[in-house]
Number of protein chains: 2
Amino acid sequence: MDNGRPFVKDESEYRLDDQVGYLLRLAYQRHTLIFQDHALNNLTPTQFSALIRLSECGPCSQNQLGRLIAVDAATIKGVVDRLYDKKLVTLEKDANDRRRNLISLSPKGLEMVAGLRAMGRSVTEVTLEALQPGERAVFLGLLKKLV
Amino acid sequence: MDNGRPFVKDESEYRLDDQVGYLLRLAYQRHTLIFQDHALNNLTPTQFSALIRLSECGPCSQNQLGRLIAVDAATIKGVVDRLYDKKLVTLEKDANDRRRNLISLSPKGLEMVAGLRAMGRSVTEVTLEALQPGERAVFLGLLKKLV
DNA sequence: TAAATATCATTTGTATACAAACGAATCACC
DNA sequence: GGTGATTCGTTTGTATACAAATGATATTTA
């Protein structure tokens, strides 16, 4: 039975390099590097998502914005703080609900949105450059089913 | 020209929910939650990767281990510290290169590996449950091309 | 209305993740 | 043999990301 080739018990059935979780981390890591190469105003992917979502959905509360981009309350706090420091969003107390902090794109943020979308298209193009157009559609379709 | 339907300039060409980077973050987030549900010894995905890689490749230096799982030197430091605190790895000064810190699986770590692989298989199964077997193979193949 | 529940924003603590800088040790090359 | 470049591990600083707890405010329900 022994064919002389090295054989590590169990390993043939489980290789880290074939695991979806490991590969997802690597893919997102690579994407983040590409994003940084293209980033306007040193925006991070999460800050970018917040701005794009605000442009798609309009002003909303801080926690609501977090839910709209799948960022929890503790994390969105810092994200909004940094967008505010960059003067890309404005903050207002909601008169109807004094718990809420209404977040809006500032004039500067609004002005930036078209450029952000162009940047996003470049990042997506580079991220997917190893795939043929047909493969890209298949990949995005399957990725959406996973989320 | 105006058909009365809402139309947001530019938005039809760029939707956050269709972007590969955004979807990769969501997919990895979901995977991490599934991982935590199954985790032995409160291991994180990165700690898990380090242990599996040690079992695949044998002892190595700290920075080398980081490179083997795509974790930079600053990050692998903390990962190894926490694995050491959990007594899953042992540390040795390399006599041939006094800069190097040789990391090995401890007896406890070695004993745990088979269970970790079983856990990893469960996590992968749940992560991919929305895909048919054929789709899983296609997805993993495309994901590997992206990394 | 009063009490129980829920939501909002915040804070603290832990764990990646990367950039930049550092001293110590090693290596490459002249 | 010496020197310049590289590598090793470490530290500091910034930015997600999540858990758990908190006080203030709203909402639900009894």
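Tutor: Gladly. Let's start with helix H1 (residues 20–38) of chain A and helix H6 (residues 133–146) of chain B, which in this predicted model pack at an angle of about 35°, with their axes 9 Å apart.

Student: Now H1(B) and helix H5 (residues 107–127) of chain B: why is H1(B) called oblique to H5(B)?

Tutor: H1(B) and H5(B) pack at an angle of about 140°, and their axes are 9 Å apart. An angle has to be over 145 degrees to count as roughly antiparallel, so H1(B) is oblique to H5(B). The crossing of these two helices is right-handed.

Student: What meets what between H1(B) and H5(B)?

Tutor: His31(B), Ile34(B), Phe35(B) and His38(B) in H1(B) meet Met119(B), Ser122(B), Val123(B), Val126(B) and Thr127(B) in H5(B). The classes in this contact are 5 nonpolar, 4 polar and no charged residues.

Student: How many residues of chain B are in contact with chain A, and which helix gives the largest share?

Tutor: 45 residues of chain B are in contact with 45 residues of chain A. On the side of chain B that touches chain A, H1, helix H2 (45–57), H5 and H6 of chain B each give two or more residues. H1(B) provides the largest share, 13 residues. That side divides into 25 nonpolar, 8 polar and 12 charged residues.

Student: Turning to the strands, how do you know that E1 and E3 of chain B pair?

Tutor: Pairing takes at least two bridges. Strand E1 (residues 60–61) and strand E3 (residues 101–105) of chain B have 2 bridges, in the antiparallel sense, so they pair. Ser61(B) stands opposite Leu102(B) in E3(B). Strand E2 (residues 89–93) of chain B is joined to E3(B) by 5 bridges, also antiparallel, and Leu91(B) has Ile103(B) as its bridge partner.

Student: What puts E1 and E2 of chain B at the edges of the sheet?

Tutor: The open sheet has 3 strands in the order E1-E3-E2. E1 and E2 of chain B each have a single partner strand, so one side of each lacks a neighbour in the sheet.

Student: Finally, which residues come nearest to DNA strand D?

Tutor: Of the 25 residues around DNA strand D, the nearest are Thr44(A), Ala74(A), Arg98(A), Asn63(B) and Ala74(B). H4(A) gives the most to the surface near DNA strand D, with 5 residues. By class, that surface has 5 nonpolar, 11 polar and 9 charged residues.

Methods: Residues are numbered from 1 along each chain as its sequence is written. Chains are lettered from A and ligands numbered from 1 in the order in which they are written. This is a predicted model: local features need pLDDT of at least 70, side-chain atom pairs count only at pLDDT 80 or more; totals for chains, interfaces and linings use all residues. Helices (H or I, at least four residues) and strands (E, at least two) are DSSP runs, numbered from the N terminus. A residue is near a molecule or strand if its C-beta atom, placed from the backbone, lies within 6 Å of it. Ala, Val, Leu, Ile, Met, Phe, Trp, Tyr, Cys and Pro count as nonpolar, Asp, Glu, Lys and Arg as charged, and the others, Gly among them, as polar. Axes are lines fitted to C-alpha atoms, for helices over the stretch in contact, and angles run from 0 to 180 degrees between N-to-C directions. Angles under 35 degrees count as roughly parallel, over 145 as roughly antiparallel, 65 to 115 as roughly perpendicular and the rest as oblique. A crossing is left-handed if the near helix is turned anticlockwise from the far one by less than a right angle, and right-handed if clockwise. Two residues are in contact if their C-beta atoms, placed from the backbone, lie within 7 Å.
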